[in-house]
Protein chains: 2
Amino acid sequence: MSRADKVASLARRRGFFWPAYEIYGGVGGLYAWGPYGVVLKNKIANLWREVFVYKHDFVEIQSPDIAPYVVFKASGHVDSFKDVMVSCRECNRKYRADTLLKEHGIEIREDLSPSDYEDLIRENNVRCPVCGGKLGNATYFTTMFQTIIGPYSENKGFLRPETAQGMFTEFKRVYEAMRKRLPIGIAQVGKGFRNEISPRQGVIRLREFDMMELELFYDPSDDECPYLDDYLDEPINMLHKEMIERGDLSGYETMTVKDALDRKIIDNSWMAYFMILSHIFLEMLGIPRTRQRFREKLAGERAHYARKTFDQEVYLDRWGWVEVSGHADRTDYDLSAHLKNSGVDIYAERRLKEARYVKEYEVRPRVRDIKRDFGDKVGVIMSRLSKSDVNKLLDSFKRDGYILIDDIRLDKKYFDIEVKVKKIESEKFIPHVIEPSFGLDRIAYAVLEYAYNEKGDRIILSLPAYLAPYDAAVYPLLSKDEFIEYARGLYDELVKSGYKILFDYGDSIGKLYARGDEIGIPIAFTVDYKTLEDDTVTVRDRDTWVQYRIDKGRIQEFIEKILGGIGFEEAAASMKLELI
Amino acid sequence: MSRADKVASLARRRGFFWPAYEIYGGVGGLYAWGPYGVVLKNKIANLWREVFVYKHDFVEIQSPDIAPYVVFKASGHVDSFKDVMVSCRECNRKYRADTLLKEHGIEIREDLSPSDYEDLIRENNVRCPVCGGKLGNATYFTTMFQTIIGPYSENKGFLRPETAQGMFTEFKRVYEAMRKRLPIGIAQVGKGFRNEISPRQGVIRLREFDMMELELFYDPSDDECPYLDDYLDEPINMLHKEMIERGDLSGYETMTVKDALDRKIIDNSWMAYFMILSHIFLEMLGIPRTRQRFREKLAGERAHYARKTFDQEVYLDRWGWVEVSGHADRTDYDLSAHLKNSGVDIYAERRLKEARYVKEYEVRPRVRDIKRDFGDKVGVIMSRLSKSDVNKLLDSFKRDGYILIDDIRLDKKYFDIEVKVKKIESEKFIPHVIEPSFGLDRIAYAVLEYAYNEKGDRIILSLPAYLAPYDAAVYPLLSKDEFIEYARGLYDELVKSGYKILFDYGDSIGKLYARGDEIGIPIAFTVDYKTLEDDTVTVRDRDTWVQYRIDKGRIQEFIEKILGGIGFEEAAASMKLELI
């Protein structure tokens, strides 16, 4: 069995994830996450919030999954968010064209048109992989789920393929509620939906998935990220354009962040900052940096909204390098598109470094004089004047010395003209956007694959302690009342202190340990004969199975060390525990 | 302005929630939650998990929002989840029939058919509220969002109207991963979708909303809730069937949980437990118990899957009594429906109290003898025997002394008949389900409405401290460098200790306080001249504006007390702080 199969098997058996709706034969691309899977995903999402959102005083919003047609028309998704599909002329099965060709070992670019695909299919004599039939014409298939909002069939809507549009459509209100400060990061943790043609890669390619997205809005005239300095010497793994163009696709080049910027491989300091943060974030999740890289997306491969994009990839057993986050420079593309399509002012404001001064004229009619000389025509005259453009009136005075309203000639003497100097301290502009966007399900899967280990015929899930479904386990050595009672007391005490603890018994201690190891519980405390005499218990390491003796009163101190990321041996040594 | 309008206005201005897609004119029933709103919702959801899930060692899963047609066909939703709609014959506007009649002051039951509505509309001469036109025929409208999953148009799917079906379709796998223990609570916090005909009640009636649902699976032969004892004397507010039937709808009758059970108003101990827990849960959120009640749903009002239902209602300013949670006895309805429709074994198993013993017979042909006497017919004989029912063979021997296979007569002597006694220790059954189901958006709204207060022309959001968007604020009295620097140091220190703190300056202290009060920050620490001399700061109460002096070193102790639910005055008194 491949590592991927083993992980999937463990995930299903122990309740991390499995194909949803299995009792009805399942639906491609829809998975259920079980008890331990949900805990893992929630922990990853909360760590992401810490690292990307809270640390910078950024904010999180929640916009709807359903959007009206106009939003994704404006954003360009209706026109660009589609895959090329081919159908078998015989059995009518439908395939995603690029996947089909790749499975035939044909290397393709990401920006091919339907007719390009038809040519390739003909040239390579590709046939239906199920019935062997001839393939028909290639067509575009919109990979957004469509629906109707409400009872009127013309009110088409989509399930969002990214959370990001919510940050753009709601930008102005968030910007104002947050007191118009830039830069501002607006994050969203929520569902994305992509109506894939034929997804067959487990939780790697889902039709419904959790995203963690951050849109960093900044003033393009002030684009320096203030947090970058501390990370300039950090190594970053780059598969950059130059490597890709010379066909060097298998690995990456490690350089410092500073080098990447100096060589203009990365050309935006916010993007560089979020990329290195993402390297570190995945390391915190147990995925070594050596198994991560940033792949530059070439012109035809980038989403329609992006000036520049890097995919953060992780090496996975079955699928090779797989994207887990995307880093896009979306410029002012989205805000400009919504501004244009909605006609609503969604500009930001910046203070000018130096105030500008502009002259403003006011032309005030002398109503009493006009009434005296023109009688009851004054009403028409005043009404017309109120609708007139000040500059046109001034031009007319300058050119002719008077203005005409219908046939009435009004000399300059009927007006007071005043000049004011107005101080302009701010100007409007459209913010630019850097977007780091993460796929939570893929990351959770990658975490499980990297945590998966075997020891003899036993499985150990070596999750970082702070990602484990329980902080620790408490077991009685034997299912005897006095052991169970003591263990339950210890369990209650730890739960009351806020720890998540598994308390289990009824099987041999070996079986209990084995089950705990499989779901990744980092430490196990066991109550035995000696415990009843001297209030010490054994503490066992999930990964090495080494055991020490620890005073009951020092258990919380030990758990704290492990949750803080200190290794088991080191924690035991620092507390001078006795090896068993 | 009504209280509801004031809350909506504050929510929009300060970033709690607002109608989504406003730049495109908005979409009915779709709202965005902003920075403070998301924090509030997340805090409520986490408290719910503590109270309903973690405390009982229940589990949380995440199943897809999208389900194939078959799931909601089996569950009965395709047939039952619909509203009656009428269209105007003139302008073609569409209305939900019950809402339209209620707005005309016509009291209606919840179980009327389209023709009932047509009669009522005719009798009361109800017309289109927009154009005054005549209304057409009433029809059913399915209030589930429909979509197509993948490229085949026959693969219809729905957006789930409740998370609950996920707990039923995935029950067996969770039950097995959790080692087949009952009772088990399976929870889900996630989206629900209802394609309302014409939603016009803000966040009270959404087309897309967050649900917190718990399905408690239990063995119907063992239906006692082990947690109920501690709550039997708690008062619970009931609007029960008897009151409703005598038309007494405006209030409720307060009784103890024990009384409600003794009087058989509530007839299931798990349901009683979750109901009283819900009373307490909403109290923890700042909604007094006197403004809550449980309304019994009568026969025609209950969802198709429920034997008995109570709605937990909260009294709101504009809308009166509004449902915020539903408590349904779903019996084995859903699991049985999926068992029947899928044909897959989704039974649970129970150990029998006493093992049963059954006799099992085995009839073994003596192949060598048969071959000797019947030659090459042995093949046919053996094949037919292998497909024969043991009991039929035994009957035949009993009756005739032989069996017939085609024309061949086989006497008893060609067989060995063996009797075994089999011990049966367990049996299969379908668990029953009690469901408490909460609407997170409505609850968050109710929390805001109950927290909303005014003091003169100022707004104070008196949220329980543990629900506030920040634990505390830190301000410099004046925007002077030495104050700002000190305040920033204090801010850094508190953030490092894990608190969520607002650090703000640049406006007068009065404005800073006012802004903090509006979003509900319970306490403010202000750095002033005295601080620089003696390391004390002022600490100010959001609700009373009272101020005390506190040593910088005791600030965390003070915050802990406030977060723990202790009142400001009490906390100050217990720490002997000096009143200013």
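How many residues of chain A are in contact with residues of chain B? In this predicted model, 79 residues of chain A are in contact with 79 residues of chain B, where contact means heavy atoms within 4.5 Å. Local features are described here where pLDDT is at least 70, side-chain atom pairs count only at pLDDT 80 or more, and totals for chains, interfaces and linings use all residues. Residues are numbered from 1 along each chain as its sequence is written, chains are lettered from A and ligands numbered from 1 in the order in which they are written, and side-chain values use heavy atoms, with hydrogens and water left out.

Two copies of a chain are related by a rotation about an axis and a shift along it.

Between the chains, 38 residue pairs are in polar contact, both residues being at pLDDT 80 or more. A polar contact is a pair of N or O atoms within 3.5 Å, of which, within protein, one must be able to donate a hydrogen and the other to accept it, while residues adjacent in sequence count only if both atoms are side-chain atoms. On the side of chain A that touches chain B, α2(A) gives the most, with six residues; helices (H or I, at least four residues) and strands (E, at least two) are DSSP runs, numbered from the N terminus.

Side chains of opposite charge can pair when their charged atoms come close. With a salt bridge taken as a side-chain nitrogen of Lys or Arg within 4 Å of a carboxyl oxygen of Asp or Glu, the interface of chain A and chain B holds 10 salt bridges, including the one in which the side chains of R179(B) and D507(A) meet at 3.3 Å, N to O. Over all chains the count comes to 125 salt bridges.

Within chain A, the side chains of E60(A) and R49(A) form a salt bridge at 2.7 Å, N to O. This pair links distant parts of the chain, E60(A) lying in strand β3 (residues 59-60) and R49(A) in helix α2 (residues 35-53), 11 residues apart. Both E60(A) and R49(A) are buried, where buried means under 20% relative accessible area, exposed over 50%, and partly exposed in between (1.4 Å probe, protein chains only). Another salt bridge joins E176(A) and K172(A) at 4.0 Å, N to O, and because these residues are four apart in helix α8 (residues 171-177) of chain A, about one helical turn separates them. Of this pair, E176(A) is partly exposed, with a relative accessible area of 38%, whereas K172(A) is buried, at 15%. Salt bridges that share partners also join D83(A), R96(A), D98(A), E196(A) and R205(A) into one network.

In chain B, D507(B) and R515(B) meet through their side chains in a salt bridge of 3.2 Å, N to O. D507(B) counts as partly exposed, at 26% relative accessibility, while R515(B) is among the buried residues of α18(B). That helix (residues 509-519) is mostly covered, nine of its 11 residues being buried, and just after α18(B) comes G520(B), which takes a positive phi of about 90°. In chain A, helix α18 (residues 509-519) likewise has nine of its 11 residues buried, among them Y513(A) and R515(A), and is followed by G520(A), whose phi is positive, near 90°.
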